[in-house]
Amino acid sequence: MGYKVVVAGATGNVGREMLNILAEREFPADEVVALASRRSLGTEVSFGDKTLKTKDIEGFDFTGYDIALFAIGSDATKIYAPIAAKAGCVVIDNSSLYRYDPDVPLVVPEVNAAAVDGYAKKNIIANPNCSTAQLVVALKPLHDRAKIKRVVVATYQSVSGAGKEGMDELWEQTKAVYNPTSDVPPKKFPKEIAFNVIPHIDVFLDDGSTKEEWKMVAETKKILDKSIKLTATCVRVPVFVGHSEAVNIEFEEFLDEDEARDILREAPGVMVIDKREPGGYVTPKECVGDYATFISRIRQDSTIENGLNLWCVSDNLRKGAALNAVQIAETLGKRCLKKG
């Protein structure tokens, strides 16, 4: 007997990817229901070799369903997640709404799979921010070997992190650059994103950081280790899919770059592509559609006593969102629900 699964937000970028990954990984589901807002009612979405018609999330009865993957944003999640949870359906939420709730596990299965055991407090599990997910996958095996003191990270985040509107804006602005009669002013982003980079994601906070940067700090501490110090600069770049990160790590003890490379090669969810030659590294374009978090440019940082640098790339719609949610569902099933 398999699971009865709901995908809420099935017409969005992440919702569609959730359906793709459920099918690709042959998740043991007897039934999969696609939910969307009323304006998208009846829209057809793919699930493996099947086509599903979306149902209206408003008024949907979650009773009898085991797991609901939510990709509908914080405002809608605030309404519908408690309804699903009360009906006995475990919500795996991709929004930021529950990430910092002490009664809600924040999970990256390669890093803290055991945390799913705490789901029953609210029947909700949170999926981390896309930029955090790939970072902690890279940090965890190194932290286990030589405890991390401090991390400095600069992100290069694709426009798909801002949804379909972000992708459309990059596409339209790029075309407009080559058409002198066309003008596409910024709407989704604060400045033009085509042929540009924007050091601003989410709202500014009182200390001058952005909320995206704050999320990386708070989530890394919750998922990996509250003692780790982390500072981030988050930048939007004109890439459709795939987040990249330049990561500087300071450890409590020395970790040789060759040993770090070997550790990462054996780490779950990690693929090391690190040749010291032109093209011997991974770029965001190459990671699209892949499950792995790719690590390149592993090297000693000679400016501090116990330092390493590395380059980290991942498909943000997959590991950063949909894949991680499905992996949480798989972990929940194996550890707690035990069906399928």
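**Active site, binding site and fold of a predicted chain**

Tutor: UniProt, in an unreviewed entry, places the feature "active site" at Cys130 and His243; positions from that record are given in the numbering used here, feature names are shortened, and annotations may be inferred rather than shown by experiment. The two span 114 residues in sequence, yet no two of their C-alpha atoms are more than 8.1 Å apart, so they gather at one spot.

Student: What should I keep in mind about the model itself?

Tutor: The model is predicted, so local features need pLDDT of at least 70 and side-chain atom pairs count only at pLDDT 80 or more, while totals for chains, interfaces and linings use all residues. Residues are numbered from 1 along each chain as its sequence is written, and side-chain values use heavy atoms, with hydrogens and water left out.

Student: Why is Cys130 called buried?

Tutor: Buried means under 20% relative accessible area, exposed means over 50%, and partly exposed lies in between, with a 1.4 Å probe and protein chains only. Cys130 has a relative accessible area of 13%, and therefore counts as buried. His243, at 0% relative accessibility, is buried as well.

Student: How do you know that Cys130 and His243 are in contact?

Tutor: Contact means heavy atoms within 4.5 Å. Leaving aside neighbours within four places in sequence, Cys130 meets that criterion with His243, Asn316 and Gly320. The list for His243, not counting residues up to four places away, includes Cys130, Ser131, Tyr156, Cys312 and Asn316.

Student: Which elements hold Cys130 and His243?

Tutor: Cys130 is in helix H4, residues 130-145, whereas His243 is in strand E11, residues 243-251. Helices (H or I, at least four residues) and strands (E, at least two) are DSSP runs, numbered from the N terminus.

Student: Where is Arg99, and why is it called buried?

Tutor: Arg99 lies in the loop between strand E7 (90-93) and helix H3 (109-112), and because its relative accessible area is 5%, Arg99 is buried. The unreviewed UniProt entry places the feature "binding site" there. Beyond four places in sequence, Arg99 touches residues including Asn94, Asn129, Lys215, Glu219 and Lys222.

Student: What makes the phi of Phe195 worth a remark?

Tutor: Most residues other than glycine have a negative phi. Phe195 is not a glycine, and yet has a positive phi of about 55°; Asp202, likewise not a glycine, has a positive phi of about 75°. Phe195 is in the loop between helix H5 (163-177) and helix H6 (211-223), and Asp202 lies in the loop between H5 and H6. With a relative accessible area of 56%, Phe195 is exposed, whereas Asp202, at 32%, is partly exposed.

Student: How do you know that the radius of gyration agrees with that of a compact globule?

Tutor: The radius is taken over C-alpha atoms, and the globule rule is 2.2 Å times the number of residues to the power 0.38. For 340 residues a compact globule would have a radius near 20 Å, and the protein chain has 20 Å, which agrees. The C-alpha atoms fill a box of roughly 60 × 60 × 40 Å along the principal axes, and buried residues make up 52% of the 340 residues. Among contacts between residues at least 6 apart in sequence, 68% join residues at least 24 apart.

Student: Which secondary structure does the chain have, and what does the record say about residues 4-119?

Tutor: The protein chain has nine helices and 14 strands. For residues 4-119 the unreviewed UniProt entry gives "domain: Semialdehyde dehydrogenase NAD-binding"; this span is 26% helix and 27% strand, and its end C-alpha atoms lie 18 Å apart.
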